[in-house]
Amino acid sequence: MAFGNCSMASIMPDRTVNSHGAEDTSDTEEDRISDADFGPSKLGTKQYWEDAYQKELETFKDIGDVGEIWFGEESMRRVLRWMEKGKIPKNASILDIGTGNGAFLVELANHGFRNLTGIDYSPASVELARNVLQAEGLLDVSVKEVDFLNCQGALKGFDVCIDKGTFDAVSLNPDHTVDHRKLYVQALRDALTADGLFSITSCNWTKDQLLEQFSEGFEFVEELPTPTFQFGGKTGSSVAALIFRRA
């Protein structure tokens, strides 16, 4: 799954903001997660994404438009720069969690990565991604209809897992959001190799909150640079992009 344009205020209004309107990135008590941090949203439901990708699938078949790219193209370039800097092998096994329209799989393949898998729980997303990849002549990329929270260990052996917005959507599910976040973390550990790497981009979570969410079973590696803004002498960011390693 993937969102189009990330609007922090419209998706999660509770993110910590200081009195001048800039995000406060300090590790304060307000940064700590409570069950009330995320109100229910249609963005956290499977039906929302199935409807959205069904429309994008029809549009792609009509005019060849792949649809929205969550966080924009720069979000993909940011992760690709990290992969190149970190010398991730071109034959590394890579999982795109919530692949949406498969746009990131296309970019990864175009940068020479050969062992790619995309998953999504939306059948329309899977069909769209397969159509996009086929149109690009990328017939060796695997796209599967899988619910990451209920894959029961079926996903294993990945060197790198990538998430751009899926954990955000999981956090907005109207039902059992805390349990779902725990299932996500466990599924991620199951999917990665012993020293596997995890790249997450989020506009719902601050850096400190993500560090807390993935504190068990993962070690923090680095924060990727994202656009920042300044207001009233404070610096903030509407996007967090972090790298973790399976511990």
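**Labels and their cut-offs**

Guide: E219 is partly exposed, with a relative accessible area of 41%. This is a predicted model, where local features need pLDDT of at least 70, side-chain atom pairs count only at pLDDT 80 or more, and totals for chains, interfaces and linings use all residues. Residues are numbered from 1 along each chain as its sequence is written, and side-chain values use heavy atoms, with hydrogens and water left out.

Visitor: Why is E219 called partly exposed?

Guide: Buried means under 20% relative accessible area, exposed means over 50%, and partly exposed lies in between (1.4 Å probe, protein chains only). E219 has 41%, so partly exposed is the label. R245 gets that label too, at 28%.

Visitor: What makes R245 and E219 a salt bridge?

Guide: The rule asks for a side-chain nitrogen of Lys or Arg within 4 Å of a carboxyl oxygen of Asp or Glu. For R245 and E219 the N to O distance is 3.6 Å, so the pair qualifies. By this rule the count comes to 6 salt bridges.

Visitor: Which parts does the pair R245 and E219 tie together?

Guide: R245 lies in strand β9 (residues 240–246) and E219 in strand β6 (residues 218–223). These parts are 26 residues apart in sequence. Strands (E, at least two residues) and helices (H or I, at least four) are DSSP runs, numbered from the N terminus.

Visitor: What makes E74 a partner of R77?

Guide: Their closest N and O atoms are 3.2 Å apart, so they pass the salt-bridge rule. Both sit in helix α3 (residues 73–85), 3 residues apart, which means about one helical turn separates them. R81 also bridges to E74, at 2.5 Å. Salt bridges that share partners join E73, E74, R77 and R81 into one network.

Visitor: How do you know that the span of α2 is close to the expected one?

Guide: The expected span is 1.5 Å times one less than the number of residues. Helix α2 (residues 46–63) has 18 residues, and 26 Å is expected. From first C-alpha to last, α2 reaches 26 Å.

Visitor: Which residues of α2 are buried?

Guide: W49, E50, Y53, E56, L57 and F60 are. They cover an arc of only 135 degrees around the axis, so they lie on the same side of α2. That arc is taken from the directions from the helix axis to the C-beta atoms. The face turned away from the buried side carries the exposed residues Q47, K55, D62 and I63.
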